[in-house]
Every structure is written in structure tokens, then in C-alpha cells.
Amino acid sequence: MLKRPHILVVGSFMMDLIATTERAPGPGETVAGTGFRTAPGGKGANQAVQCARLGAHVTMAGRVGDDAFGREALQSVRTAGVDLSRVTADPSAPTGVAHILVEDTPQGVQNRITIVPGANFTLTPADLAWMEDGVRAFDMVLLQFELPMDVVEAAAGWAHAAGVPVMVNPAPAAPISDRLLACADYLSPNEHEAALLSGLPLRAGPAGVEAADLERVAAWFRARGVKELLVTLGENGAALAGTQGMLRVPCVPMERVADPTAAGDSFVGAFCTGLCAGLEREAALALASHTAALTVSRMGAQPSLPTLGEVQTLLRERGCRSVDPAALDPLAE
């Protein structure tokens, strides 16, 4: 019997400014776009919303600016049911923004993202001092790299000391200390971030990234304290390597990929929700892959994140054998 988990997300809020084009401009070049929209985003907020929409009790800690973008960002997360009692508004720094260019061509869809952290980078370890005792109320803590690194390390340290599992999503990629790695029960880079952080190659073979390369990268992280390495591989699915060996799950194909923004956040949020709810590793991976598939089929970050009911419908349609959609019903209670 699954339970509704309690998850703490310490992370970023962004307002996404999304332009679509048939061809990305080169240096010094101007091209005509095909569309523009804004949508609430930020890796932390995205993961919090995805966990909440799948049934988790979620608390988020972070900072926005005291401005229109900040109010809109908070409303989006609040509507998903996330507890925002640990979020503050900075009176002088603006809410973070992400400029997202979505290139939509007959060959596929890809994005290019530039973030301006704004108020996210005014958060300090002192703002999270409540975690030293309060973190024990949670089943897992989720962290990303759109906050100052000393904040990420402090949050991970308090959770680790309290015996609360820590998921670190090292994106955007940045140097990561051995201190932080030693606190990470789960580390979830994509294949490029995994290669960059470890300094080891992840070479592509006929069936995607070579298993031997994944094993070497996983061993490198395990030697530094990471218990489970979860590598997202784009259209080649994902791989989880840890003390129980390696599991690989394929990508769940959709008729159309509209926007890959927030796909990784959706995957991580769903995986953590599944694990904390009581799913086995393979079932949590299946839940995550089907959740992310729905996300990429829609435009925008948080607007694209699916609900539990939508994921259950896709699981049934695709005949997933790893997780029974009906077994997820307790998450909706």
C-alpha cells in the first residue's frame, strides 16, 4: 500500500520567457519567431509542482522578487497545492527569469536556455537554519543548482545529518564538491552533466550510451559517496545505477514533442514521489518516464506538468507492466 509522501524542495523560482522559431539565429543575426509566451518555471518550482500534482505533500523553500513575476510564480505553485510558508520575497532583487528559445524544425525540437537568477541568488544558508531540526518532518529533500552553492550544501548537510534522503539534480552543471556528493543519496544529471562532472566519457553505441561507460561514471560518483546515480538520456530513456545494480528504462514515445523544457524536472519529481510513496526502483522509473513523456508533449514548464490522473491514463494506454496504475490511487486520497 502506497502512502502520500512529504517532500521538501529547496530551489528556484523563474518566470520563463519563451520564444519559438523555425531556426535559431547565428551570431549577430536576427530571425523571425513564430510565437511567444510566458510561463512560471524554475527547476525547483517545477519539481515541487510535479511532486504535488502526483499526490505528494510538498513544501518549498526559496525566494522570489517583490514584483509581478514573483506573484505569478507563487500563484502557480500555490495552485498546485505546494506549501509556501518557507518562501520569502526580496524587496530589492527581481524574480529570476529564464529566456528560452525553442527551435522547432522537421528534424525535431530543441531548446536553448539562459537564466538570470535574480532573487534566487539572495537566499542564504541562514534563511534555511530551520532545517537543522525541521527537516526531519520530510521523506526526502530535492535540490538543484539554480541557487547559491553554499545554500545547496547547507541544505544537503542538514538533511544528511538528520538521516533524510537527499536528491541532488546538478543542473545547470557547475563544479560540485566532495562534501555535497557525500550527502547525495541520489544524484540525477543528464548524460552531458554526468560526463562533465566526472570527467569520464559517455559514448554512444547502437543502443544508446554504452553500459560500460555508465558503470564507470557511476563508480566514480559512488567512490565520492553518491548511493544512486540516475542519468537521464533523452530519447534513449534513463539509467539508474547503484548498490542494486543498473536499471535502464526506455523513453516513452509521444506523437509529438512540443517543448522539452522541464522534462528533466518532471522526471526527477515523479521518480522521487514514486520512491517516497513506496514504489520499487523499476516502478518509480516507469512512473517517471511516463510523466516526462506527457510533459514534453506540451508547451511551457509548469503548464506542461501532468496530474496523477493523466499519468495513470497514459500508463494504461501503453500497457505498462512495471507499475499498476490502480496501485497509485492512494496518492490521490
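I take buried to mean under 20% relative accessible area. By that cut-off Phe 221 is buried, because its relative accessibility is 0%. I note at the outset that the model is predicted.

**Entry 1: aromatic pairs**

I searched the whole structure for aromatic pairs and found two. In one of them, the ring centres of Tyr 186 and Phe 271 lie 6.0 Å apart with the planes at 75 degrees, so I record the pair as edge-to-face. This pair joins distant parts of the chain, since Tyr 186 sits in strand 10 (residues 186-187) and Phe 271 in helix 8, 85 residues apart. I then looked up the accessibility of both partners. Tyr 186 is buried because its relative accessible area is 17%, and Phe 271 is buried with a value of 0%.

Trp 220 and Phe 221 form an aromatic pair that is also edge-to-face, with 5.0 Å from centre to centre and 85 degrees between the planes. Trp 220 has a relative accessible area of 21%, so I list Trp 220 as partly exposed. Phe 221, in contrast, counts as buried at 0%.

**Entry 2: nonpolar cores**

Which residues touch the most other members of the largest nonpolar core? I found Phe 13, Met 60, Leu 142, Met 167, Phe 271 and Leu 328, out of 59 residues in that core. Helix 9 (residues 281-296) gives the most to this core, namely nine residues. I also noted a second, separate core of 41 residues, which includes Leu 123, Met 131, Val 141 and Leu 187.

I returned to Phe 271 and listed its contacts, leaving aside neighbours within four places in sequence. These are Met 167, Tyr 186, Leu 230, Leu 240, Arg 281, Ala 284, Leu 285 and Ala 288. In general, nonpolar side chains of soluble globular proteins tend to be buried together.

**Entry 3: Asp 265**

I consulted the UniProt record, an unreviewed entry, and its "active site" annotation covers Asp 265. I located Asp 265 in helix 8 (residues 263-277). Is Asp 265 buried or exposed? Asp 265 is buried, because its relative accessible area is 3%.

Not counting residues up to four places away in sequence, Asp 265 touches Lys 43, Asn 46, Gln 47 and Asn 169. With Gln 47 I found a polar contact between the two side chains, at 3.2 Å.

**Entry 4: Gly 300**

I placed Gly 300 in the loop between helix 9 and helix 10 (308-317). Gly 300 counts as buried because its relative accessibility is 0%. Leaving out residues up to four places away in sequence, Gly 300 touches Ile 18, Ala 39, Asp 259 and Thr 261.

Cys 272 is in no disulfide, and the nearest cysteine sulfur, that of Cys 51, is 6.2 Å away. For Cys 276 the closest cysteine sulfur is in Cys 272, at 6.3 Å, which is too far for a bond. The cut-off I applied is 2.5 Å between the sulfur atoms.

I looked up the accessibility of these two residues as well. Cys 272 counts as buried because its relative accessibility is 0%. Cys 276 is buried with a relative accessible area of 10%.

Key. Residues are numbered from 1 along each chain as its sequence is written. This is a predicted model: local features need pLDDT of at least 70, side-chain atom pairs count only at pLDDT 80 or more; totals for chains, interfaces and linings use all residues. Side-chain values use heavy atoms; hydrogens and water are left out. A nonpolar core is a set of buried Ala, Val, Leu, Ile, Met, Phe, Trp, Tyr and Cys residues joined through side-chain atoms within 4.5 Å. Buried means under 20% relative accessible area, exposed over 50%, partly exposed in between (1.4 Å probe, protein chains only). Helices (H or I, at least four residues) and strands (E, at least two) are DSSP runs, numbered from the N terminus. Contact means heavy atoms within 4.5 Å. UniProt positions are given in the numbering used here, feature names are shortened, and annotations may be inferred rather than shown by experiment. A polar contact is a pair of N or O atoms within 3.5 Å; within protein, one must be able to donate a hydrogen and the other to accept it, and residues adjacent in sequence count only if both atoms are side-chain atoms. Rings of Phe, Tyr and Trp (its six-membered ring) pair if their centres lie within 6.5 Å; planes under 30 degrees apart count as stacked, over 60 as edge-to-face and the rest as tilted.
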